[in-house]
Amino acid sequence: MFVICMALSIALLITLSRPVSIGGRTIPALGHFLNPFTGFWNQAESGKAGSHENYYSSDLVDSIQIEFDKRMIPHIFAQSSAEAFYAQGFLHAKNRLFQMDITARAISGRLSELLGEETLNRDIFARRINFPQAIENKYQSWQRHPDMMALAEAYVNGVNHYLKTLPPKNYPVEYKLLGAQPEKWTIQKTIAITLSLAATLNLNLQDYPQTNTMWDIGPKMYEKLFPLFPDSLLPVDIEKETYPDSVQTLDPQSYQGFNYLKDQLPPDPGPGIGSNNWAVRAALTKDSFPILANDPHLRLSLPSIWYELQMHTPEFTTHGVSVPGMPSIVIGFNKHIAWGLTNAPIDVLDTYKIKWKDKNQGTYLLDGKEKKARLRKEIIKIKGEPPHTEEVYDTYWGPVLFDNSTQARQDIAVKWMSALPHDKCDMRTLYGLMRSKDLFDYQAALESFYAPAQNIIFASTQDSIAITVQGKFPVKRPGQGRFVLDGSLTSNDWQGIIPMDDLPRMINPERGYVLSANEWSTYPEYPYYYSGRFDQYRGRAIDYFLRSDHSLTVEKMKAIQQSNFNLKAAEVLPVLIDHLSVTTSEKPLIDSLRNWDYYYDPDSPLPTITELWIEQCKKLTFDEISSIDSISMLTPNTWRLLELLQNPYDPIFDRLSTPESRESAREIVQASWDVAHRIYTGFSPTERHWGRYASLSIDHLLGIPEFSRQNLYTGGNGNTINAITRTNGPSWRMIVELGKDSVTGHVIYPGGQSGNPGSPYYDNFLDDWLSGKYYEVSLAPTPTKIKQSIHYSIYLLPQ
Amino acid sequence: MNNLLKLVLLICGSWLFAFNVDWRFSYLLPFILILFVPHKKLLVDLTLGFISIFLVWLTAALIIDGGNNSILSTRLAKIFGLANGPTLVVFSGILGGFIGGLGAVTGHFLHNSLQKTNDND
């Protein structure tokens with residue numbers, strides 16, 4: 001009997017020590033996970049912090065005091081920048097360890113080690129495009145800046161100090177679910193985080209759908225449907241300078257001899273990636289103080305992308321948000337200045353078709369000569385499976401991202417600005433901005449910034465405002481790089497880098513304000529050709545609000561930042577309605593649309609019918625563009641549809657499916673209304689509400705629904721200033737009033753300071769964010785001046 | 001040894017050590033105690049092993065869950081297909097009880113088989 005019982009015991013203990021798969025879902029080892037002493041219960045935080053915690057480190061010379069306020073925002077008081085960054089690393093690790101780890105792994109192509117075969121394709125993409133080499137290149141760049149490396153090393157030491165104090169029972173719950181453990185942090189991982197931001201913002205593989213669409217409809221139609229600039233253009237830099245004439249047209253070399261690219265592109269971060277920022281001078285505000293506002297729109301996640309903090313050293317006192325895994329404050333303010341960022345979505349990635357001489361030998365043609373590609377073998381470890389080996393050729397242009405192994409029909413190499421070696425250290429820019437006192441410091445700080453290109457906005461207590469389209473942009477022939485290029489000609493290479501002095505910028509313009517919202521950077525007269533994926537509406541809406549009010553206040557700025565007014569709807573709807581014949585039953589709905597203020601508020605059903613209508617109208621109008629499975633194509637922008645609607649008899653409105661008749665805009669608008677209306681009336685009255693139809697979901701980094709907040713009832717869309725889509729939105733709302741005696745911030749982000757789903761601080765800002773609240777923030781020069789201090793402190797002490 | 005005393009020893013022992021040792025100690029402690037001081041009846045030992053560890057795990061989980069307002073247990077209960085956080089508390093307790101009970105039963109049988117060997121000698 002004993003033997004049976006012992007065998008049973010061993011079987012039970014082994015079973016409880018291993019993860020089990022139930023119904024396709026892997027359940028962690030139950031013994032490890034469920035016991036209340038070392039299992040997940042350790043991550044169930046009470047939220048009642050102890051009075052203080054002491055940690056000792058031989059890395060420190062002076063003591064660091066960290067005081068937390070009611071929202072769990074840390075205020076770091078350190079005697080040097082290095083020690084402030086040390087504390088920042090410690091806090092990031094303490095609060096966001098898993099987030100840092102998973103982000104660094106994703107960019108390094110090492111997700112499958114943790115998550116198994118499910119993420120193999122993501123790892124293959126990361127390895128093929130050679131993110132690890134891009135990390136190494138950036139590491140080499142940083143090494144040429146010992147002062148910055150010292151700060152980065154201090155940050156890394158702070159992370160590792162926390163890791164040393166972390167027993168397995170206190171590992172973040174995600175590690176326990178996965179049966180994994182954290183790794184030592186390195187500078188390379190910090191660089192991986194910076195590269196992850198670049199990949200999110202400017203790893204633009206639009207060449208693919210652009211080439212497919214060009215192949216599908218031909219150059220003439222392409223130029224007609226996809227012009228580089230809209231008629232109603234309002235760029236970031238509105239100051240037209242005298243430039244020599246430049247021709248903005250298609251590059252005939254770039255679309256010859258291609259077929260559809262049957263690709264497997266990574267998920268497109270999409271049109272939801274974007275941001276708003278603006279700054280106004282004192283003359284336009286009621287209290288005569290400059291005001292700066294910024295809200296970066298990113299894919300929202302839990303834990304949040306941002307970690308808020310305030311840092312104090314003898315050199316600076318700065319408040320803002322940081323990215324876990326990265327030293328410094330990315331967006332914020334100090335007692336002299338405030339700064340913010342929006343993405344400058346200029347295309348800095350080009351694709352090249354490789355002409356192989358002998359692919360097995362890795363030889364290809366370049367300017368008629370044979371050239372040898374380097375074969376790289378990437379070994380990707382997979383949890384519970386044998387490792388996968390990926391063979392990739394590296395060419396003159398860069399890695400062959402897509403080849404036959406990825407089911408593409410053609411071998412396409414990529415050249416991406418963010419992956420190339422640079423002589424600057426971009427960390428210097430953020431560090432410089434944190435310490436800036438005036439416009440001069442801001443300009444000096446920006447000199448080191450190259451990727452991802454940003455519209456960096458600035459305002460100071462001295463009543464200076466500025467905006468710079470800052471980044472490293474390739475010099476191209478007009479039209480070059482919109483489509484996959486012939487990789488056998490070096491003449492298709494970039495012809496240099498746009499000199500920094502020629503980057504678009506505005507300083508203290510006459511109109512009294514500067515702004516950006518991912519729109520075109522310049523008027524077409526700019527001497528350097530560029531293309532990209534720009535937004536047309538948010539910037540113009542912000543411009544309208546700023547232009548029409550000369551007594552702006554923080555409260556008005558909050559209202560602008562959360563405005564659901566949709567300029568796209570305001571411009572398109574009246575034109576569509578004009579083309580419509582209305583039946584009696586539809587009249588009340590059309591009247592509502594006619595009298596609507598174009599606000600995409602959650603309770604309104606009108607945005608739902610509007611979006612359905614525009615979508616159907618584009619579908620019917622642009623039937624020239626084929627719809628083929630697994631081939632990514634472009635759809636023209638709504639502003640182009642509107643421009644075409646000016647000529648109702650344009651042949652574009654003639655439907656290909658009805659060769660016997662010739663349709664005009666009127667028939668298309670009518671037919672699209674009929675379809676949209678039918679879909680709309682199929683919804684229940686509640687389902688028609690915009691907040692329900694386009695509800696927002698903020699997913700956990702691993703996509704665990706129980707750790708996510710889904711189906712949130714929100715207003716706005718990608719074209720409203722309050723740019724909330726189903727997955728993206730304002731990831732940080734910040735408004736800073738720069739008074740002469742005090743600088744005050746009004747801030748919020750949709751998440752919480754803790755990355756632990758078992759903490760009350762995991763998503764505690766989210767409901768306030770949804771209801772439009774802001775938290776007031778002031779700079780506290782000493783620990784005793786912290787407003788709403790909860791008297792919870794961490795002391796990092798020299799050993 | 002008095003059963004009540006054994007229960008107290010099991011509860012106190014597992015509580016004191018549980019925070020610093022592996023969870024399998026919850027199996028080992030009843031196993032060792034019952035191996036050396038078993039009851040004649042298997043059911044009594046089983047009950048002692050089960051109840052003691054059940055109570056320890058349940059109480060610890062309850063205290064933590066209460067302090068956390070069931071934030072984490074509610075989230076994780078859904079992953080395990082359970083109705084709510086308190087169910088996960090009970091589930092944790094039962095799992096502990098099961099481990100403790102099995103440890104006690106194994107100790108009981110080992111004691112008996114060792115005694116039989118001694119008797120045969």
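Contact here means that heavy atoms lie within 4.5 Å. The model to which this applies is predicted.

**Exercise 1. Describe the eleven-strand sheet of chain A and identify its edge strands.**

Solution. 
- Step 1. The strands of this open sheet in chain A follow the order 3-32-4-5-9-10-11-12-21-22-24, and their pairing is mixed.
- Step 2. At the edges stand strand 3 (52-57) and strand 24 (505-507) of chain A, each of which pairs on one side only.
- Step 3. From one strand to the next, the twist averages 15 degrees.

**Exercise 2. Determine how strand 22 of chain A is joined to strand 24 of chain A, and which helix lies across them.**

Solution. 
- Step 1. Strand 22 (residues 465-470) and strand 24 of chain A run antiparallel and are joined by three bridges.
- Step 2. A:T468 has A:R505, in strand 24 of chain A, as its bridge partner.
- Step 3. Helix 12 (residues 439-446) of chain A lies across strand 21 (454-460), strand 22 and strand 24 of chain A. The helix runs at about 5 degrees to strand 22 of chain A.

**Exercise 3. Explain why strand 19 and strand 23 of chain A each have one side without a neighbour in the four-strand sheet.**

Solution. 
- Step 1. The order in this open sheet of chain A is 19-20-13-23, with mixed pairing.
- Step 2. Strand 19 (400-402) and strand 23 (485-486) of chain A are edge strands with a single partner strand each; therefore one side of each has no neighbour in the sheet.
- Step 3. The pairing of strand 23 with strand 13 (residues 349-353) of chain A is parallel and comprises two bridges. A:K353 is bridged to A:D486 of strand 23 of chain A.

**Exercise 4. Characterise the interface of chain A and chain B by its area, polar links and composition.**

Solution. 
- Step 1. In this interface, 40 residues of chain A contact 37 residues of chain B.
- Step 2. About 3,400 Å² is buried between the two chains, 78% of it given by carbon and sulfur atoms. Of the area that chain A buries against chain B, A:F2, A:F37 and A:W41 supply 22%, more than any other three residues.
- Step 3. One salt bridge is found across the interface. A:D763 and B:R75 form a salt bridge, with their closest N and O atoms 3.1 Å apart.
- Step 4. Polar contact links 13 residue pairs across the interface.
- Step 5. Helix 1 of chain A gives the largest share of the side of chain A that touches chain B, namely nine residues. That side comprises 25 nonpolar, ten polar and five charged residues.

Key: Residues are numbered from 1 along each chain as its sequence is written. Chains are lettered from A and ligands numbered from 1 in the order in which they are written. This is a predicted model: local features need pLDDT of at least 70, side-chain atom pairs count only at pLDDT 80 or more; totals for chains, interfaces and linings use all residues. Side-chain values use heavy atoms; hydrogens and water are left out. Two strands pair if DSSP finds at least two bridges between them. Axes are lines fitted to C-alpha atoms, for helices over the stretch in contact, and angles run from 0 to 180 degrees between N-to-C directions. Buried area is the accessible area (1.4 Å probe) that two parts lose on being put together, summed over both. A salt bridge is a side-chain nitrogen of Lys or Arg within 4 Å of a carboxyl oxygen of Asp or Glu. A polar contact is a pair of N or O atoms within 3.5 Å; within protein, one must be able to donate a hydrogen and the other to accept it, and residues adjacent in sequence count only if both atoms are side-chain atoms. Ala, Val, Leu, Ile, Met, Phe, Trp, Tyr, Cys and Pro count as nonpolar, Asp, Glu, Lys and Arg as charged, and the others, Gly among them, as polar.
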